[in-house]
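Visitor: I would like to learn how to read a ligand site. Where do we begin?

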Amino acid sequence: MIPVAKPYLPSREKVDSYIDSIYHTHWLTNNGPLVQKLTQRLADHLGLDANCLVLVANGSLALHLAYKALELKGDVLTTPFSFIATASTLKWEGLNPVFVDIDKDTWNIDPNPMEQSITPDTSAIVPVHVFGNPCDVEAIQLIADKHNLKTVYDASHCFGATLNGESVLKQGDASTISFHATKLFHTVEGGAVITKTKELADKIRTKINFGIDGPDSIGMLGTNAKMSEFHAAVGLAVLDDIERIQTQRQDIWEQYAEALAPKYQLQKRHPAANNNYAYFPILLKDEQVVIDVVAKLAESGVQARRYFYPSLNSLVMFEDGCEASVSSDIASRIVCLPIWPELQSAEVKEVYKLVVGVVGS
Ligand SMILES: *Cc1c(COP(=O)(O)O)cnc(C)c1O
(Lines give C-alpha, C1' and ligand atoms only; values in the text may rest on other atoms or scores of the structure.)
Protein backbone atom coordinates (compact mmCIF):
# COMPACT_ATOMS: atom_id res chain seq x y z
CA MET A 1 0.00 0.00 0.00
CA ILE A 2 1.34 3.41 -1.01
CA PRO A 3 -0.51 6.16 0.91
CA VAL A 4 -0.85 9.67 -0.50
CA ALA A 5 1.00 11.02 2.54
CA LYS A 6 2.93 9.15 5.20
CA PRO A 7 3.76 11.01 8.42
CA TYR A 8 7.51 11.34 8.94
CA LEU A 9 8.78 9.68 12.10
CA PRO A 10 12.20 10.72 13.39
CA SER A 11 14.41 8.14 15.12
CA ARG A 12 13.24 6.92 18.53
CA GLU A 13 16.62 7.82 20.04
CA LYS A 14 16.27 11.42 18.91
CA VAL A 15 12.70 11.80 20.17
CA ASP A 16 13.70 10.09 23.44
CA SER A 17 16.54 12.54 23.98
CA TYR A 18 14.06 15.44 23.93
CA ILE A 19 11.51 13.54 26.03
CA ASP A 20 14.20 12.78 28.64
CA SER A 21 14.36 16.50 29.33
CA ILE A 22 10.60 16.54 30.03
CA TYR A 23 11.08 13.76 32.61
CA HIS A 24 13.82 15.88 34.13
CA THR A 25 11.81 19.12 34.39
CA HIS A 26 8.29 17.66 34.85
CA TRP A 27 7.14 20.60 32.74
CA LEU A 28 4.53 19.12 30.40
CA THR A 29 2.70 22.10 28.95
CA ASN A 30 2.06 25.88 29.39
CA ASN A 31 4.87 27.33 27.30
CA GLY A 32 7.53 24.94 28.56
CA PRO A 33 11.22 24.87 27.60
CA LEU A 34 10.71 22.69 24.51
CA VAL A 35 7.92 24.89 23.13
CA GLN A 36 10.17 27.90 23.69
CA LYS A 37 13.09 26.15 22.02
CA LEU A 38 10.98 25.06 19.05
CA THR A 39 9.60 28.60 18.67
CA GLN A 40 13.13 30.01 18.46
CA ARG A 41 14.44 27.28 16.16
CA LEU A 42 11.49 27.63 13.78
CA ALA A 43 11.93 31.41 13.74
CA ASP A 44 15.64 30.98 12.90
CA HIS A 45 14.98 28.32 10.28
CA LEU A 46 12.22 30.28 8.54
CA GLY A 47 13.69 33.76 8.97
CA LEU A 48 10.90 35.01 11.26
CA ASP A 49 10.86 37.09 14.44
CA ALA A 50 10.23 34.71 17.38
CA ASN A 51 8.28 37.48 19.12
CA CYS A 52 5.71 37.28 16.31
CA LEU A 53 5.45 33.46 16.21
CA VAL A 54 3.00 31.67 18.52
CA LEU A 55 2.85 27.87 18.57
CA VAL A 56 -0.61 26.41 19.08
CA ALA A 57 -2.32 23.02 19.38
CA ASN A 58 -3.35 22.72 15.72
CA GLY A 59 -3.73 24.67 12.49
CA SER A 60 -7.49 25.09 12.85
CA LEU A 61 -7.08 26.78 16.23
CA ALA A 62 -4.43 29.00 14.62
CA LEU A 63 -7.15 30.25 12.24
CA HIS A 64 -9.72 30.70 15.04
CA LEU A 65 -7.22 32.72 17.07
CA ALA A 66 -6.17 34.93 14.18
CA TYR A 67 -9.81 35.78 13.38
CA LYS A 68 -10.63 36.38 17.05
CA ALA A 69 -7.54 38.43 17.88
CA LEU A 70 -8.07 40.66 14.82
CA GLU A 71 -11.74 41.08 15.87
CA LEU A 72 -13.14 40.16 12.48
CA LYS A 73 -16.89 40.53 12.05
CA GLY A 74 -19.59 40.09 9.40
CA ASP A 75 -18.51 38.93 5.97
CA VAL A 76 -15.08 37.56 5.14
CA LEU A 77 -13.89 36.96 1.58
CA THR A 78 -12.19 33.61 1.14
CA THR A 79 -11.41 30.92 -1.39
CA PRO A 80 -13.67 27.96 -2.14
CA PHE A 81 -10.66 25.87 -3.23
CA SER A 82 -9.11 24.80 0.06
CA PHE A 83 -9.30 22.33 2.89
CA ILE A 84 -12.61 22.66 4.77
CA ALA A 85 -10.93 24.19 7.87
CA THR A 86 -10.33 27.54 6.15
CA ALA A 87 -14.06 28.20 5.85
CA SER A 88 -15.48 26.10 8.71
CA THR A 89 -13.40 28.03 11.26
CA LEU A 90 -14.90 31.28 9.90
CA LYS A 91 -18.43 29.92 10.24
CA TRP A 92 -17.68 28.57 13.74
CA GLU A 93 -16.54 32.08 14.75
CA GLY A 94 -19.92 33.44 13.67
CA LEU A 95 -18.44 34.97 10.53
CA ASN A 96 -19.93 34.63 7.08
CA PRO A 97 -17.58 33.19 4.45
CA VAL A 98 -18.13 34.85 1.06
CA PHE A 99 -16.46 32.79 -1.63
CA VAL A 100 -14.52 34.59 -4.35
CA ASP A 101 -13.60 32.44 -7.34
CA ILE A 102 -10.06 31.25 -8.05
CA ASP A 103 -7.61 31.75 -10.89
CA LYS A 104 -7.77 28.80 -13.28
CA ASP A 105 -3.97 28.44 -13.47
CA THR A 106 -2.59 29.30 -10.01
CA TRP A 107 -5.65 27.80 -8.26
CA ASN A 108 -5.45 30.63 -5.70
CA ILE A 109 -8.15 33.23 -4.95
CA ASP A 110 -8.45 35.61 -7.92
CA PRO A 111 -8.03 39.29 -6.94
CA ASN A 112 -9.85 40.46 -10.10
CA PRO A 113 -13.48 39.69 -9.13
CA MET A 114 -12.78 40.37 -5.43
CA GLU A 115 -13.99 43.96 -5.23
CA GLN A 116 -17.43 43.01 -6.56
CA SER A 117 -17.98 40.96 -3.39
CA ILE A 118 -17.02 43.73 -0.95
CA THR A 119 -19.89 45.38 0.97
CA PRO A 120 -20.01 47.55 4.13
CA ASP A 121 -20.29 44.24 6.07
CA THR A 122 -16.93 42.93 4.82
CA SER A 123 -14.18 42.97 7.47
CA ALA A 124 -11.40 40.78 6.06
CA ILE A 125 -9.89 38.63 3.34
CA VAL A 126 -8.70 35.09 4.13
CA PRO A 127 -6.77 33.75 1.13
CA VAL A 128 -4.95 30.40 1.02
CA HIS A 129 -1.55 29.82 -0.61
CA VAL A 130 -2.79 26.58 -2.14
CA PHE A 131 -0.23 23.74 -2.23
CA GLY A 132 2.43 26.21 -1.01
CA ASN A 133 2.04 28.46 -4.08
CA PRO A 134 1.92 32.09 -2.88
CA CYS A 135 -1.13 34.18 -3.80
CA ASP A 136 -0.93 37.48 -5.66
CA VAL A 137 -0.25 39.16 -2.31
CA GLU A 138 0.41 42.61 -3.80
CA ALA A 139 -2.95 42.83 -5.55
CA ILE A 140 -4.71 41.49 -2.44
CA GLN A 141 -2.97 44.02 -0.17
CA LEU A 142 -3.98 46.91 -2.46
CA ILE A 143 -7.63 45.86 -2.23
CA ALA A 144 -7.38 45.34 1.55
CA ASP A 145 -5.85 48.81 2.03
CA LYS A 146 -8.37 50.50 -0.24
CA HIS A 147 -11.34 49.02 1.67
CA ASN A 148 -9.75 48.95 5.13
CA LEU A 149 -9.89 45.15 5.41
CA LYS A 150 -7.73 42.83 7.52
CA THR A 151 -5.86 39.98 5.82
CA VAL A 152 -5.29 36.54 7.32
CA TYR A 153 -3.43 34.07 5.12
CA ASP A 154 -4.08 30.38 5.63
CA ALA A 155 -0.49 29.32 4.93
CA SER A 156 -0.99 25.76 6.16
CA HIS A 157 0.93 24.36 3.16
CA CYS A 158 3.76 26.88 3.34
CA PHE A 159 6.51 25.42 5.49
CA GLY A 160 9.71 26.64 3.83
CA ALA A 161 7.81 28.48 1.08
CA THR A 162 9.36 31.79 0.07
CA LEU A 163 8.35 34.83 -1.95
CA ASN A 164 11.13 37.13 -3.17
CA GLY A 165 13.47 35.11 -0.94
CA GLU A 166 11.49 35.72 2.27
CA SER A 167 9.15 33.40 4.13
CA VAL A 168 5.63 33.71 2.75
CA LEU A 169 4.48 33.44 6.38
CA LYS A 170 5.29 37.15 6.76
CA GLN A 171 2.30 38.17 4.63
CA GLY A 172 -0.86 39.83 5.91
CA ASP A 173 -1.87 41.00 9.36
CA ALA A 174 -1.45 37.36 10.31
CA SER A 175 -0.60 34.05 8.66
CA THR A 176 -1.36 30.61 10.02
CA ILE A 177 0.30 27.26 9.45
CA SER A 178 -0.58 23.66 10.30
CA PHE A 179 1.89 21.18 11.76
CA HIS A 180 -0.45 18.21 11.37
CA ALA A 181 1.20 14.78 10.98
CA THR A 182 0.69 14.72 7.20
CA LYS A 183 2.17 18.16 6.56
CA LEU A 184 5.73 18.76 5.34
CA PHE A 185 6.90 19.67 8.85
CA HIS A 186 4.86 18.38 11.79
CA THR A 187 4.50 18.14 15.56
CA VAL A 188 1.92 15.26 15.37
CA GLU A 189 -0.82 17.87 15.91
CA GLY A 190 0.15 21.51 15.98
CA GLY A 191 0.26 24.82 14.24
CA ALA A 192 1.28 28.44 14.57
CA VAL A 193 0.12 31.98 14.08
CA ILE A 194 2.63 34.43 12.63
CA THR A 195 1.70 38.07 13.16
CA LYS A 196 2.76 41.38 11.69
CA THR A 197 3.07 42.99 15.13
CA LYS A 198 4.35 41.79 18.49
CA GLU A 199 1.22 43.24 20.13
CA LEU A 200 -1.02 40.89 18.17
CA ALA A 201 1.22 37.90 19.00
CA ASP A 202 1.11 38.82 22.70
CA LYS A 203 -2.67 39.00 22.56
CA ILE A 204 -2.77 35.52 21.00
CA ARG A 205 -0.32 34.19 23.64
CA THR A 206 -2.84 35.30 26.28
CA LYS A 207 -5.81 33.91 24.37
CA ILE A 208 -4.31 30.41 23.98
CA ASN A 209 -4.10 30.22 27.79
CA PHE A 210 -7.75 31.04 28.64
CA GLY A 211 -7.16 34.81 28.49
CA ILE A 212 -5.17 34.68 31.74
CA ASP A 213 -2.87 37.71 31.76
CA GLY A 214 -1.60 37.77 35.34
CA PRO A 215 -1.54 35.75 38.59
CA ASP A 216 -5.06 36.88 39.54
CA SER A 217 -6.18 38.41 36.28
CA ILE A 218 -8.22 37.15 33.34
CA GLY A 219 -8.21 40.13 31.04
CA MET A 220 -9.78 38.84 27.85
CA LEU A 221 -11.76 36.02 26.28
CA GLY A 222 -9.54 33.04 25.69
CA THR A 223 -9.51 29.32 25.07
CA ASN A 224 -7.09 26.43 25.46
CA ALA A 225 -4.89 26.16 22.37
CA LYS A 226 -1.50 25.50 23.92
CA MET A 227 1.07 23.16 22.38
CA SER A 228 2.31 20.49 24.80
CA GLU A 229 5.96 19.66 25.48
CA PHE A 230 5.57 16.18 23.97
CA HIS A 231 4.36 17.67 20.71
CA ALA A 232 7.24 20.14 20.73
CA ALA A 233 9.65 17.22 21.36
CA VAL A 234 8.51 15.49 18.17
CA GLY A 235 8.68 18.83 16.32
CA LEU A 236 12.27 19.40 17.40
CA ALA A 237 13.24 15.92 16.27
CA VAL A 238 11.54 16.39 12.88
CA LEU A 239 13.19 19.79 12.49
CA ASP A 240 16.60 18.15 13.03
CA ASP A 241 15.93 16.13 9.85
CA ILE A 242 14.20 18.83 7.81
CA GLU A 243 16.91 19.28 5.20
CA ARG A 244 16.87 15.60 4.29
CA ILE A 245 13.06 15.59 4.25
CA GLN A 246 13.06 18.49 1.82
CA THR A 247 15.70 16.99 -0.48
CA GLN A 248 13.82 13.71 -0.66
CA ARG A 249 10.55 15.50 -1.47
CA GLN A 250 12.23 17.57 -4.15
CA ASP A 251 13.68 14.44 -5.70
CA ILE A 252 10.26 12.74 -5.87
CA TRP A 253 8.56 15.90 -7.14
CA GLU A 254 11.10 16.19 -9.96
CA GLN A 255 10.69 12.55 -10.97
CA TYR A 256 6.94 13.05 -11.29
CA ALA A 257 7.37 16.35 -13.12
CA GLU A 258 9.80 14.88 -15.62
CA ALA A 259 7.41 12.02 -16.40
CA LEU A 260 4.15 13.97 -16.39
CA ALA A 261 4.90 17.56 -17.48
CA PRO A 262 4.32 19.13 -19.95
CA LYS A 263 1.66 16.67 -21.16
CA TYR A 264 -0.26 17.14 -17.92
CA GLN A 265 -1.34 20.46 -16.53
CA LEU A 266 0.48 21.35 -13.33
CA GLN A 267 -0.13 24.32 -11.04
CA LYS A 268 1.21 27.64 -12.37
CA ARG A 269 3.66 28.79 -9.72
CA HIS A 270 4.20 32.38 -8.61
CA PRO A 271 7.28 33.61 -10.54
CA ALA A 272 8.97 35.04 -7.41
CA ALA A 273 8.36 31.95 -5.27
CA ASN A 274 10.38 28.83 -4.56
CA ASN A 275 8.77 25.39 -4.50
CA ASN A 276 8.56 23.57 -1.15
CA TYR A 277 7.45 20.34 -2.84
CA ALA A 278 4.63 19.83 -0.34
CA TYR A 279 2.18 18.26 -2.84
CA PHE A 280 2.08 16.89 -6.37
CA PRO A 281 -1.32 17.84 -7.84
CA ILE A 282 -2.23 17.25 -11.50
CA LEU A 283 -5.17 18.73 -13.36
CA LEU A 284 -6.92 16.23 -15.64
CA LYS A 285 -9.31 16.63 -18.58
CA ASP A 286 -12.54 15.96 -16.74
CA GLU A 287 -13.95 14.42 -13.58
CA GLN A 288 -14.40 10.98 -15.14
CA VAL A 289 -10.67 10.74 -15.86
CA VAL A 290 -9.98 11.64 -12.21
CA ILE A 291 -12.36 8.91 -11.02
CA ASP A 292 -10.70 6.41 -13.38
CA VAL A 293 -7.20 7.36 -12.21
CA VAL A 294 -8.11 7.09 -8.52
CA ALA A 295 -9.77 3.70 -9.12
CA LYS A 296 -6.87 2.34 -11.19
CA LEU A 297 -4.32 3.41 -8.57
CA ALA A 298 -6.45 1.94 -5.77
CA GLU A 299 -6.50 -1.44 -7.59
CA SER A 300 -2.71 -1.45 -7.30
CA GLY A 301 -2.71 -0.35 -3.67
CA VAL A 302 -1.85 3.28 -4.42
CA GLN A 303 -3.83 6.02 -2.74
CA ALA A 304 -4.39 9.26 -4.66
CA ARG A 305 -6.56 11.96 -3.11
CA ARG A 306 -8.89 14.51 -4.61
CA TYR A 307 -7.54 17.59 -2.81
CA PHE A 308 -9.60 19.78 -2.62
CA TYR A 309 -12.92 18.30 -3.54
CA PRO A 310 -15.69 19.32 -3.42
CA SER A 311 -15.41 23.06 -3.93
CA LEU A 312 -16.39 24.58 -0.56
CA ASN A 313 -19.09 26.88 -1.97
CA SER A 314 -21.17 23.76 -2.74
CA LEU A 315 -21.29 22.45 0.85
CA VAL A 316 -24.53 22.40 2.85
CA MET A 317 -23.16 24.42 5.78
CA PHE A 318 -22.47 27.31 3.42
CA GLU A 319 -25.89 27.10 1.78
CA ASP A 320 -25.92 30.81 1.00
CA GLY A 321 -22.51 30.27 -0.63
CA CYS A 322 -21.74 31.90 -3.91
CA GLU A 323 -21.19 30.77 -7.45
CA ALA A 324 -17.58 29.85 -8.12
CA SER A 325 -17.55 28.13 -11.47
CA VAL A 326 -13.77 28.04 -11.90
CA SER A 327 -13.28 26.50 -8.46
CA SER A 328 -16.06 23.96 -9.05
CA ASP A 329 -14.42 22.97 -12.33
CA ILE A 330 -10.83 22.80 -11.01
CA ALA A 331 -11.89 20.96 -7.83
CA SER A 332 -13.57 18.29 -9.95
CA ARG A 333 -10.45 17.69 -12.08
CA ILE A 334 -7.52 17.63 -9.64
CA VAL A 335 -5.83 14.66 -8.06
CA CYS A 336 -2.79 14.65 -5.74
CA LEU A 337 -0.23 11.86 -6.12
CA PRO A 338 1.69 10.28 -3.23
CA ILE A 339 4.66 12.32 -2.00
CA TRP A 340 6.51 11.68 1.24
CA PRO A 341 10.18 11.45 2.19
CA GLU A 342 10.80 7.71 2.08
CA LEU A 343 8.85 7.01 -1.11
CA GLN A 344 11.23 5.03 -3.35
CA SER A 345 12.02 5.86 -6.99
CA ALA A 346 10.60 2.50 -8.10
CA GLU A 347 7.33 3.37 -6.35
CA VAL A 348 7.22 6.83 -7.93
CA LYS A 349 7.70 5.18 -11.31
CA GLU A 350 4.95 2.66 -10.60
CA VAL A 351 2.58 5.51 -9.70
CA TYR A 352 3.21 7.66 -12.76
CA LYS A 353 3.11 4.66 -15.08
CA LEU A 354 -0.34 3.78 -13.76
CA VAL A 355 -1.46 7.40 -14.31
CA VAL A 356 -0.10 7.45 -17.84
CA GLY A 357 -1.78 4.07 -18.43
CA VAL A 358 -5.18 5.66 -17.79
CA VAL A 359 -4.70 9.15 -19.17
CA GLY A 360 -2.23 8.55 -21.98
CA SER A 361 1.03 10.39 -22.55
C1 LIG B 1 -4.25 21.08 7.20
C2 LIG B 1 -4.97 22.34 6.90
C3 LIG B 1 -5.66 23.07 7.89
C4 LIG B 1 -5.95 22.54 9.26
O5 LIG B 1 -4.86 22.27 10.03
P6 LIG B 1 -4.98 21.26 11.26
O7 LIG B 1 -3.63 21.38 11.90
O8 LIG B 1 -5.22 19.89 10.71
O9 LIG B 1 -6.08 21.73 12.15
C10 LIG B 1 -6.20 24.31 7.54
N11 LIG B 1 -6.11 24.79 6.29
C12 LIG B 1 -5.49 24.10 5.31
C13 LIG B 1 -5.41 24.72 3.95
C14 LIG B 1 -4.92 22.85 5.57
O15 LIG B 1 -4.35 22.16 4.58
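Guide: With the make-up of the shell: by class, the residues around the ligand are two nonpolar, ten polar and two charged. Here Ala, Val, Leu, Ile, Met, Phe, Trp, Tyr, Cys and Pro count as nonpolar, Asp, Glu, Lys and Arg as charged, and the others, Gly among them, as polar. The model is predicted, so local features need pLDDT of at least 70 and side-chain atom pairs pLDDT 80 or more, while totals for chains, interfaces and linings use all residues. Residues are numbered from 1 along each chain as its sequence is written, and side-chain values use heavy atoms, with hydrogens and water left out.

Visitor: Which of the 14 residues around the ligand come nearest?

Guide: A residue is near a molecule if one of its heavy atoms lies within 4 Å of it. Gly 59, Ser 60, His 157, Ser 178 and Lys 183 come nearest.

Visitor: Which polar side-chain atom lies 2.8 Å from a nitrogen atom of the ligand?

Guide: A polar contact is a pair of N or O atoms within 3.5 Å; within protein, one must be able to donate a hydrogen and the other to accept it, and residues adjacent in sequence count only if both atoms are side-chain atoms. The atom in question belongs to Asp 154. A polar side-chain atom of Ser 156 lies 3.3 Å from a ligand nitrogen, and a backbone N or O atom of Gly 59 is 2.7 Å from a ligand oxygen.

Visitor: Is His 186 buried or exposed?

Guide: Buried means under 20% relative accessible area, exposed over 50%, partly exposed in between (1.4 Å probe, protein chains only). His 186 has 3%, so it is buried. A polar atom of its side chain lies 2.6 Å from the backbone oxygen of Tyr 8.
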